[in-house]
Amino acid sequence: MLGFVTMPKLSILVVEDDPLARKIMESHLGGHSVEFAPDKRTALEALAARSHDLCFIDLKLGKNDDCSGLELIPVAASKGSYSVVMSGHDSEPYIDKAYELGCNDFYAKGNEADNIGRVLDRFQRKRDQLETGRLFAEEFVTDDAATRASVLEALRYAVSDLPILLLGPSGTGKTSLAQIIHERSGRDGQFVAINCAAQSEDLLEVELFGCRKGAFTGANSDRKGKLLLADKGTLFLDEVGSMSLKMQSKLLKAIEEKSFYPVGSEKPETAAFRVVTATLEDVQSLIKAGKMRFDFFQRIHGLAVTLKPLAQRKCDIFPLIGFFTRGGKRLSFTTEAKAEILRHDWPGNIRELRRFIDLLVAGNEGRVSFETIAGLLKSMRVEEGAGSFVTDEQFRFALGQGLDEAVDRFIDTIIKRALAKNEGHKTKTLADLKISTRLLYSSLKRFREDAKPEATS
Amino acid sequence: MTAAGKELASLIHDMNSKCGSLRTAITLLRTAPPEERQELLGLMKQQARSIAEDIAAFEASAASR
């Protein structure tokens, strides 16, 4: 059977009175869900009862019929179907009339093999354009070309089983993107997320694999793990870089065999889930340091997608502010206020911006001044530092990887950021941070950073 | 357009459609599995009969005018 099975399965209505022509359409639309209507009455019933992605409509439906197919065009259009007129009538008046009534496409019968393929391509292109516009206006708000390209690249593989690894700093939208991938995957199961850094190793094992009643003190009942809950769905492992080698090994086996043992059980469970993972860490460094198994990495890394920090896509700040305030109180900003918002680096990325906007909207009206913005940013910095020099994320990292690793990571992040601010000049970086050359170079060696050659010594 | 003209236009349209379907069906015959080939041949015979009936009906109508 011929078919266009490389595109998603479409719901198609074919209105055609000729049995041979219906058979031909059936052959050329293999792989899609196709419904046939031999006359206008049946077609109207089908259009009323169900929605269809496309409607192929023959103009003349039966002997002595006066092109009653034309009447179906506005009905299909009102239901949001992409209507395609196929006719032996390919004279201009009929074509004009069909388009006037709202049809999206028209072809003369006789060359179905080529025509149907082209129609489906045009439909898919149009749908992709509409989808993309809606996606970046409502689901993953970004005007940044590189970020859009990354998101679209990830979504190209949404309907496949390919494991996807999302990289980028905290608060850049990795979880949102994972959810969007799942929603577009066509999978029947749930989206099940777990933060691997938020649990101790023992708890993580129970969370992932489940447990049997009595397996350990406190296991008062059987418990389903995330792997089972994600059956036929998507398992999202956030902060996968913090997972221990032992857990990586167990999970690798479960991913490969689609079978695992809950803690304390001798009976295996099976689950077919798609894996999406995320980390803010440099994965190659983790592998090199022996913190991530290479075989585990290969298993979770069919495609890697990197999301840039908000500081590198400041064009997204005001679209995001518009999105966060949609339907609620809207603020306007003085020119100086806007400049101050753009000047800030937003180290907490979109999460930080969201919190900032929530606070701003709650406490302000009308036109927002530079002073208000500067004051709020300062108070947020003081608040985040109050009582703790360490963020929750850093604390979890230290718990997972050990304090030495966490300190190295902290040092490397500060140095990298200072070098970026100083455009790679090491001398200025040493002076700004008041550190030794030895510390700088040991950090650079860890990250294999290629700093710019010094302009002056 | 006269009644005869409309009848002729209708015949031409139907011939175009039905012959077009026959042409396309022939290309499918080459690759169709046996059961489907049987089905296609049956529908093609039906179509050929329908074409003959349409032409006969047109001739009869033209002769009666």
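This is a predicted model: local features need pLDDT of at least 70, side-chain atom pairs count only at pLDDT 80 or more; totals for chains, interfaces and linings use all residues.
Strand β11 itself, which covers residues 274-279 of chain A, is mostly covered, with 6 of its 6 residues buried.

Stepping back to the whole chain, chain A is divided into domain 1 (11-128), domain 2 (141-306), domain 3 (310-385) and domain 4 (402-447). The C-alpha centres of domain 2 and domain 3 of chain A are 33 Å apart, and the contact between these domains involves 9 residues of domain 2 and 11 residues of domain 3. About 850 Å² is buried between domain 2 and domain 3 of chain A, with carbon and sulfur atoms giving 51% of that area. On the side of domain 2, V141(A), G171(A) and T172(A) supply 53% of the area buried against domain 3, more than any other three residues. The count of salt bridges between domain 2 and domain 3 of chain A is 0, whereas 7 residue pairs are found in polar contact across their interface.

Elsewhere, salt bridges do occur, and the structure holds 40 of them over all chains. One of these joins K109(A) to E16(A), with the closest N and O atoms 2.8 Å apart. Because K109(A) lies in the loop between β5 (105-108) and α5 (112-139) and E16(A) in the loop between β1 (11-15) and α1 (19-28) of chain A, this pair ties together parts that are 93 residues apart in sequence. K109(A) counts as buried at 14% relative accessibility, and E16(A) is buried with a relative accessible area of 1%.

A further salt bridge brings together the side chains of K291(A) and E405(A), at 2.8 Å from N to O. Since K291(A) is in the loop between α11 (283-288) and α12 (294-300) and E405(A) is in helix α18 (residues 403-421) of chain A, the pair ties together parts that are 114 residues apart in sequence. Here K291(A) counts as partly exposed at 23% relative accessibility, while E405(A) is buried at 17%.

Finally, R212(A) forms a salt bridge with E269(A), the closest N and O atoms being 2.9 Å apart.

Definitions and conventions. Residues are numbered from 1 along each chain as its sequence is written. Chains are lettered from A and ligands numbered from 1 in the order in which they are written. Side-chain values use heavy atoms; hydrogens and water are left out. Buried means under 20% relative accessible area, exposed over 50%, partly exposed in between (1.4 Å probe, protein chains only). Helices (H or I, at least four residues) and strands (E, at least two) are DSSP runs, numbered from the N terminus. Domain bounds come from an automatic or database domain assignment. Contact means heavy atoms within 4.5 Å. Buried area is the accessible area (1.4 Å probe) that two parts lose on being put together, summed over both. A salt bridge is a side-chain nitrogen of Lys or Arg within 4 Å of a carboxyl oxygen of Asp or Glu. A polar contact is a pair of N or O atoms within 3.5 Å; within protein, one must be able to donate a hydrogen and the other to accept it, and residues adjacent in sequence count only if both atoms are side-chain atoms.
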